[in-house]
Structure formats: structure tokens, C-alpha cells
Amino acid sequence: MARGEGAEQYAASLLSVKPINTEIKTAKPNDQGNRLSVWNKLCYAIGGAPYQITGSALGFFLQIYLLDVAQLDPFHASIILFVGRAWDAVTDPTVGFLVSRSRWTHIGRMMPWILFSTPFAVLTYFLIWYVPPFEQGKVVWYLIFYCLFQSMQTCFHVPYSALTMFISNDQKERDSATAYRMMVEVLGTVLGTAIQGQIVGGDTNCPTEPDEHDSRNSTNMSIVSLNETKQAYLISSGVICIIYIFCATVLFLGVKEKKESGRKVSQLTFCQGLWLVMGYGPYIKLVIGFLFTSLAFMLLEGNFALFITYALGHRKDYQNILLVIMLSGTVTIPFWQWFLSRFGKKKAVYFGITWAVPFMILIVCIKSNLIISYLVSVAAGVSVAAAFLLPWSMLPDVVDDFKVKNPDIYGHEALFYSYYVFFIKFASGVSLGVSTLSLKFAGYVTGSCSQPEAVSLTLKVLVSPVPVALIAVGLLILWTYPIDEERRQGNRKLLQEMLDSESETSVLGSSV
């Protein structure tokens with residue numbers, strides 16, 4: 001386990017021996033204290049799985065669950081989904097602000113949020129998938145528990161994201177831990193979809209004309225099938241809740257949050273924190289650039305299943321094709337970690353994200369072919385891995401740069417992470433709204449085995465020209481991102497000097 005002492009305490013124990021040899025003797029222990037074992041990185045990475053598992057299950061199945069299992073009116077279902085997403089986006093900066101003002105405890109600053117939000121998140125998630133035995137209050141039931149779960153999930157994920165800055169002071173170790181985390185999160189996405197799909201039996205068949213002789217028996221069977229489906233959703237949610245608790249426990253036991261010497265609690269107000277974060281140029285350029293690229297991949301991800309089904313005609317293979325994308329992304333994350341370490345993060349951004357562009361164009365220009373669809377999926381997964389890894393790998397660089405420029409401001413890390421998550425969720429909402437409206441205007445027919453030609457054309461536009469244009473805009477913005485490898489390495493040295501200076505001051509003060 002990694003719940004040992006922090007780096008500054010190693011330095012303190014040596015500084016008190018002979019001040020004349022302080023620099024020599026603190027260097028090695030500091031390096032050892034900052035180094036993370038493979039076990040530490042795995043425990044940290046496992047903590048990111050609950051967010052992805054629950055997110056993928058909700059993203060793929062909540063809408064159909066509300067319509068076909070809970071049997072809500074589509075208008076009411078749309079209200080629940082929209083309000084839930086809007087509430088989720090608002091809670092991120094709010095929780096980030098509260099976390100930034102949290103005081104250090106014996107288990108850290110971030111860990112209490114993660115620990116105490118877990119049981120409430122598990123309970124509210126389970127109740128989302130329970131169909132209450134009344135009709136009048138169903139909408140209120142799902143609205144309340146969906147919003148409560150989003151709040152509890154935010155109380156888990158925002159501190160967890162900011163925890164990157166507190167597991168080590170070594171930038172390379174943080175980047176390596178982030179790569180582990182991204183791999184587990186991609187696996188979590190696959191796992192969430194697989195658990196929900198396999199237990200519930202997510203594959204649906206096209207409707208066939210009913211036999212008049214068996215119409216009565218068919219009605220009775222549909223009632224039994226609905227009850228079985230309700231039970232299946234409860235079982236799948238229970239399995240995911242158990243995994244959620246397991247992952248949170250592993251994170252708590254396997255990761256030691258390191259306290260920075262002389263750490264102060266943020267005294268910024270909410271408006272001051274907002275102005276501080278949104279007024280920092282490198283952060284804005286990074287966020288806006290990745291906002292466009294993330295929106296591109298979200299459009300591709302959100303519409304690819306429909307595109308495969310209706311535009312390419314691979315109705316029976318779309319689940320396997322989606323699985324290939326996620327597995328390809330998982331396998332190539334170590335490659336991107338090596339690439340950014342070898343060639344730099346900005347080069348990795350350009351090479352990784354543009355890799356998918358030719359294949360986006362290819363998939364809509366050639367005649368439908370299953371083998372080519374699988375090959376394109378493998379290639380798309382490579383870029384998906386880069387899109388997952390690089391933003392979270394570059395955010396700590398911005399935070400470090402801000403620390404160097406503003407050494408007297410403390411407790412701001414969670415703000416940078418929470419606002420980034422807010423913008424990504426905003427992009428997700430835009431993606432969902434644009435896709436739905438576009439398909440509606442194209443004449444999409446719900447529950448039909450075939451769609452009008454206009455729907456096929458719209459899906460092609462949503463998975464190729466629009467994402468390519470968004471990627472181009474995002475990369476142009478990221479071209480102006482000022483933190484290159486030279487500046488990043490310079491910040492690393494300056495922060496280490498600041499850390500050593502604070503440790504020395506703290507030890508000398510206590511010895512006096």
C-alpha cells in the first residue's frame with residue numbers, strides 16, 4: 001500500500017541532521033518520495049473506473065429505459081435527460097470551488113470528498129434503475145435521483161481529477177499515472193456497456209407483423225418480458241454499484257495524497273476563482289482547443305452506431321464495431337504515453353488527433369463494406385486514445401505554469417479541473433442536441449427498420465465533414481498554446497526549487 005509519508009517529511013527528517021549537506025541529502029529521498037510504484041498507479045487508475053462505467057451505462061441505456069421500461073412520455077423523458085445534464089454541468093465548478101477551500105485532514109484534502117460521496121452515489125444510482133409502483137410521481141422520482149446521482153458523482157470525480165496534482169510532485173510520474181488512468185477509464189467504458197448490455201439483453205430486433213391468432217398470448221408475453229426487463233436493470237445496476245464501491249476502496253487504500261509543505265487553504269471567493277481561472281491565457285487556449293476536438297469525437301461517438309446501422313447497413317455488427325474502437329483505444333494508450341514522452345505533447349496532439357481524419361473521410365466515400373468498417377474502427381480507436389489521454393496529461397502542465405506565475409495563490413487546482421469538466425459536459429450536451437435536432441429535421445422514424453435517405457445523408461455529415469471541420473478549428477487554437485516542452489521543463493525545475501525552499505524553510509522554522 002502507498003499510505004506512507006509525503007516527500008516533504010522525508011526531506012525534513014534529513015534536513016534536521018546537517019544543514020550543510022541539505023541539498024545533497026534531500027535530493028535522493030525527494031526522488032524516492034515522488035516515485036510511484038506500478039501498484040500505486042494501478043490503484044489510482046482504478047479510481048477512475050466508476051465515472052466511466054456509470055457514464056457509459058447511463059449514456060447508452062437511460063433514454064431507452066425511460067421510454068420502454070419506465071414507459072414515460074417522450075417529452076417527460078427529454079426533460080429528465082436535459083435537466084440532468086444541465087445540473088451535472090453546473091455542479092462541476094461549484095464542487096470545484098468547494099474542494100479548493102477544503103482543509104487538509106489526516107486522509108488528505110481530496111480523499112474525504114471521494115470517501116463520503118461514494119455511498120450516496122451508489123444508492124442514488126441504484127434508484128435511477130428502479131421503476132416505482134406509482135404513475136403520478138414517476139417524472140419527479142427520476143428527476144430527483146438522476147440529479148442527486150450527478151451531484152454525488154461530481155463530488156467523487158472532481159476531487160479525483162484534481163488528485164493528479166497530489167499523488168506526486170514529479171511531472172513524469174503524474175503523466176505516467178494519467179496514462180494508467182486513461183487505460184482503465186477506457187476499459188471502464190467497455191465494461192459499463194458490456195455489463196448493462198449483457199444482463200439486460202440490449203440488442204433489439206426489428207418489429208415484425210404480429211400473428212392475429214397469437215395476439216392475446218403475445219400481449220401476456222410482453223407483460224412478462226417487461227417485468228423481466230425491470231428485474232434485469234436492477235441486477236445490472238447492483239453489479240455496477242458493487243464495482244463502484246470496490247474501485248473507491250482500492251483508490252482509498254492504495255493511494256497516498258501528498259501534502260505540500262506550508263499548504264494554505266484557498267481564500268478566494270467563487271467569482272474570484274472564476275475570474276482567476278478564466279483569465280489565464282494558456283488554460284483558455286487549451287480548454288477551447290480541446291472543446292472543439294472533443295465535440296468532434298463526441299459527434300462521431302454519439303452517431304456512429306446509427307451510422308453503422310442505417311447508413312452502412314451493418315445492423316448485426318454495430319456492437320462489435322463499437323467494441324473494436326474501444327479496445328483499439330485501450331491498447332494504444334501506452335503508445336501515446338511513449339510518444340508524448342519522446343516527442344512532446346503538442347506533437348502528440350497533432351499527430352494523434354489528425355490520424356483519424358483520413359479514415360473519417362474514407363468511411364463515407366466508399367461503398368459499404370464490413371471489413372473496411374472494422375479497419376476504420378481500429379484506426380479511429382487510435383485517435384480516441386489520444387483524445388482521452390492528452391487533455392488530462394496537459395492540464396497539470398497548465399496548473400504548474402500557473403503556480404510558477406502565481407506562487408502566492410493556493411488551493412486552485414480543483415478549479416482548473418472542474419471548469420474543464422464543465423466545458424466537456426457542455427460539449428456533450430451540444431453534441432446530443434445538434435444530433436437529435438438534425439435527425440428530427442431529416443425525418444428520422446423511431447422504431448423503424450429503415451430510414452429515409454435524408455437520414456443516411458445526415459448521419460454521414462455528422463460522422464465526417466462536421467467532425468473534420470471541428471478538429472481543424474481545435475488544432476488551429478491549440479497551435480497558439482504557449483506551453484511547449486522547453487517551458488514545461490523549466491516550470492518543472494522552478495517548482496522543484498520552490499518545493500525544496502519551502503521544505504527547508506519549514507524545517508528550519510520548526511527547529512528554531
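Predicted model: local features only at pLDDT ≥ 70, side-chain atom pairs only at ≥ 80, totals over all residues.
## Close-up views of a helical protein

**View 1. Three buried residues share one side of helix H14.** In helix H14 (residues 357–365), the residues that are buried are Val357, Met360 and Ile363. These three lie on the same side of H14 because they cover an arc of only 130° around the axis.

View 2. Let us move on to helix H17, which spans residues 453–463. Which of its residues are buried? They are Val455, Ser456, Thr458, Leu459, Leu462 and Val463. Their arc around the axis is only 160°, so they sit on the same side of H17. Look at the other side of H17 and you will find Glu453 and Leu457, which are exposed.

**View 3. Leu163 and Tyr283 are well connected in the largest nonpolar core.** This core has 135 residues, and Leu163 and Tyr283 touch the most other members. Which helix gives the most to this core? It is helix H11 (residues 281–311), with 16 residues. Now focus on Leu163. Setting aside its neighbours within four places in sequence, Leu163 is in contact with Tyr44, Met110, Met111, Ile114, Leu251, Val255 and Glu257. As a general rule, nonpolar side chains in soluble globular proteins tend to be buried together.

View 4. Ile288 is found in helix H11. With a relative accessible area of 33%, Ile288 counts as partly exposed, because that class lies between 20% and 50%. Ile288 and Leu478 are 190 residues apart in sequence, and their C-alpha atoms are 8.2 Å apart in space. Leu306 also has its place in helix H11. Leu306 is partly exposed too, with a relative accessible area of 24%. Between the C-alpha atoms of Leu306 and Ser456 there are 9.0 Å, while along the chain these residues are 150 residues apart.

**View 5. Lys367 is an exposed loop residue.** Find Lys367 in the loop between H14 and helix H15 (370–405). Is Lys367 buried or exposed? Its relative accessible area is 75%, so Lys367 is exposed, the cut-off being over 50%. The C-alpha atom of Lys367 is separated by 8.2 Å from that of Leu312, a residue 55 residues away along the chain.

**View 6. One cavity of 30 Å³ or more is found in the structure.** The structure holds one such cavity, and the volume of the largest cavity is about 30 Å³. Its lining is made by Lys346, Val349, Tyr350, Met394, Leu478 and Tyr481. Helix H13 (residues 345–354) gives the most to this lining, with three residues. By type, the lining has five nonpolar residues, no polar ones and one charged.

**View 7. The whole chain puts the close-ups in context.** How many helices and strands are there in the protein chain? There are 19 helices and zero strands. Of the 512 residues in the chain, 51% are buried. Take the contacts between residues at least 6 apart in sequence: 84% of these join residues at least 24 apart.

Technical notes. Residues numbered from 1 in each chain as written. Heavy atoms only, no water. Core = buried A, V, L, I, M, F, W, Y, C linked by side-chain atoms within 4.5 Å. Buried < 20%, exposed > 50% of the residue type's maximum accessible area, 1.4 Å probe, protein only. Helix = DSSP H or I, 4+ residues; strand = E, 2+ residues; numbered from the N terminus. Contact = heavy atoms within 4.5 Å. 1 Å grid on protein atoms, 1.4 Å probe; cavity = no way out; pocket = protein on both sides within 12 Å on 5 of 7 lines; lining within 4 Å. Points joined across faces, edges and corners; volume = space filled by probe spheres on them. Nonpolar A, V, L, I, M, F, W, Y, C, P; charged D, E, K, R; others polar. Arc of directions from axis to C-beta.
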